[in-house]
Amino acid sequence: MGAPDFLTGLDAAQLVGAAWAAGFAPPPRIGVREWADTHRRLPTKGAGEPGPWRTTRVPYSGEIMDCLSPSHPCKRIVFMKSVQSAGTEMGNNWVGWFIDTQKAPMMIVQPTLDMAERWSKQRLAAMIEDCPTLRVRIAPSRARDSGNTTLVKEWAGGVMVISGANSGASLRSMPARYLFLDEVDAYPRELEGEGDPVRLAEARTTTFPRRKVFLVSTPTIASLSRINKEWEASDQRRYLVPCPECGHEQPLVWDNLRWPDGKPAEAVYHCAACGIGIAEHHKTDMLAAGRWQATHLERDVPGFHINGLYTPIGLGLAWAELAAEWDEAKKDPARQKTFINLRLGEVVADPEEKLDPDDLASRAGNHKQRDIPPGCLALTVGVDVQKDRFAIIVIGHGRGGAMWVIDWTELPADPTTDDGWQALDRWLAVPFTNSRGLPMKPLMTAIDSGYLTDNVLAWTRERLRRGVIAVKGASTPGKPIINRPSKLDVTIRGRTIKHGAEGWLVGGDTAKSYLFARLAADGKRVAHDRTVGFAAALDASFYQQLTAEVWDPNKRRWIKLRPRNEALDTWVYALAAAHHPAVRLHLWKEPQWARLEAALEPATGDLFAAPATEQSSAVQKLGAGATAQSAVVAGRRARYHIQRA
Ligand SMILES: [Zn+2]
């Protein structure tokens, strides 16, 4: 770096900074708090107050920044926070201090690579622009050979990489002594084949004995929240502030902010000791006189928690505004949860539909895989295509929405080859026999066409009349379990071909909610009242995959806890098949079920009216089988409708 190029128009302090950059003098031992108070300027663009950073403006930030400084022995720092609590600015102060004073590698992780780019171009660029000491260190990225791109910043002795938690490659890119994990609750749970992105990034720090890892986030729901797990494992510090009346030191808790019905503007904070109502204008003094207190002194990971009540006056919502927002949020459970996460910085309990794989496994019945229990009168199949296998589920259906997992397999095959598809055909051709020894055929088979679409359509095109349909997940939420089909085969003039391939849109989130609600309700029932049955000896991975997702009420969508979820996806397809307009099992009335039952599970009196000893069971089966075939109208109707479609 050519130091003289940067010296024009700089003051003495900046000259010293430039001198370090050129390697003339060792950096002084300045902490993050002192650096921020001396050098950091908050950007003029964006929210908040522009101008010099003052730790006294956000008094609870001082100790957090002290922990980020080398003079503090800790290696991990956890900050669980509400929005508008300056958490990211503390991290940014750390970044600025690092660029200015350290000769080491640092990694900053944002939830995605896109967000990493945005953070670099907006937050980081503005910080460098506004701090003269940083400007002399980091050459503008337009300069050639500046060692300076959006995601990598290099300067004499130091390097900083900005990565996305959705990219294993970026997380593995280099060893780092300092690691800033921003908004960890928005990270993917797991990266396919690489595991937890936080562990992956932290593994890059282990060679540095004096490393620091800073984890910051607003929390989400219990099973998804990393920051809450980290907080629970930390020494759990709360910021105590003194009551202006009695002097009692206490953490600010939401229950003690109170207001008369319908008058949130009159909200005041009630002291836990003397009960007096404290008006918000006291807050500035209370924060200044506050201190952090740990509840688990034996632990060596400092963990800090801040809720919206602490937000310094003018930097976020006032108490009265929080009260008004709460009055609104109370009316809607989803908004209430969002308020608890974002404003109070607290985790919310899992939705009822959160399922435990071991609990589901313990519900497995006695029927073996491919056995069809009494009462199971119809079958549908769901197939998912993976690059080296087909995942296949066979779901049985009975009255009142009863379902059984009849069979589940992951069939190794190459779906880019004819051999692969023939293997699927062979598997699907193996007949099912019910408890009376009568044959049963699936009414419909739904296969996902999201991957290898052309191969899937080629296969379904030939099998439409046999009740095989291609399905595709709808991209918008709230769609019906199965929607209208789109015609995918067109003539050279662009007209759709009547009997050509078609794809049915599946409302995956709707189907998952339907299924999880049933499974959750079963959890409260005794075994013989349950509506969903599992074959015995389904392997553990089946239950892991089935419970691989959880509903996030904030994002209002299903979130993967684990990368493998084919058991759940295939069940969704089998459910879509059952709801297909040509089948509509969910709309069947009792006469239809009774007719099917009479055919498939005839009363023993009908079959064995004559002394049965002399009768060949083969003859019985043949006769009953024929009755069943004629009575299983649904299968025929399915084929009929598909032919018409
Ligand atoms: Zn008091």
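This dialogue walks through several features of one predicted protein model.

User: What should I know before I start?
Analyst: This is a predicted model, where local features need pLDDT of at least 70, side-chain atom pairs count only at pLDDT 80 or more, and totals for chains, interfaces and linings use all residues. Residues are numbered from 1 along each chain as its sequence is written, and side-chain values use heavy atoms, with hydrogens and water left out.

User: How many helices and strands does the protein have?
Analyst: Helices (H or I, at least four residues) and strands (E, at least two) are DSSP runs, numbered from the N terminus. Here there are 22 helices and 27 strands.

User: What percentage of the residues count as buried?
Analyst: Buried means under 20% relative accessible area, exposed means over 50%, and partly exposed lies in between (1.4 Å probe, protein chains only). Of the 645 residues, 51% count as buried.

User: And how do I read contacts along the sequence?
Analyst: Contact means heavy atoms within 4.5 Å. Take contacts between residues at least 6 apart in sequence: 70% of them join residues at least 24 apart.

User: Which residues of helix 19 are buried?
Analyst: Helix 19 covers residues 590-600, and its buried residues are Trp 593, Leu 596, Ala 599 and Leu 600. Seen down the axis, they fall within an arc of 125°, so they line one face of helix 19. That arc is taken from the directions from the helix axis to the C-beta atoms. On the other side of helix 19, Pro 591 and Ala 598 are exposed.

User: How is a pair of packed helices described?
Analyst: Two numbers do it: the angle between the axes and the distance between them. Axes are lines fitted to C-alpha atoms, for helices over the stretch in contact, and angles run from 0 to 180 degrees between N-to-C directions.

User: At what angle do helix 3 and helix 4 cross?
Analyst: Helix 3 (residues 61-68) and helix 4 (residues 87-101) cross at roughly 40°, and their axes come within 10 Å. Ser 61, Ile 64, Met 65 and Leu 68 of helix 3 meet Met 90, Asn 93 and Trp 94 of helix 4. These contact residues divide into 5 nonpolar, 2 polar and no charged. Ala, Val, Leu, Ile, Met, Phe, Trp, Tyr, Cys and Pro count as nonpolar; Asp, Glu, Lys and Arg as charged; the others, Gly among them, as polar.

User: Which residues make the contact of helix 4 with helix 5?
Analyst: Helix 5 spans residues 113-130, and helix 4 packs on it at about 65°, with the axes 10 Å apart. Helix 4 gives Thr 88, Glu 89, Asn 92, Val 95, Gly 96 and Ile 99, while helix 5 gives Trp 119, Arg 123, Leu 124 and Met 127. The contact has 5 nonpolar, 3 polar and 2 charged residues.

User: Is Thr 205 buried or exposed?
Analyst: Thr 205 is buried, with a relative accessible area of 1%. Its place is the loop between helix 8 (197-202) and strand 8 (212-217). Not counting residues up to four places away in sequence, Thr 205 touches Ala 176, Leu 179, Arg 211 and Val 213.
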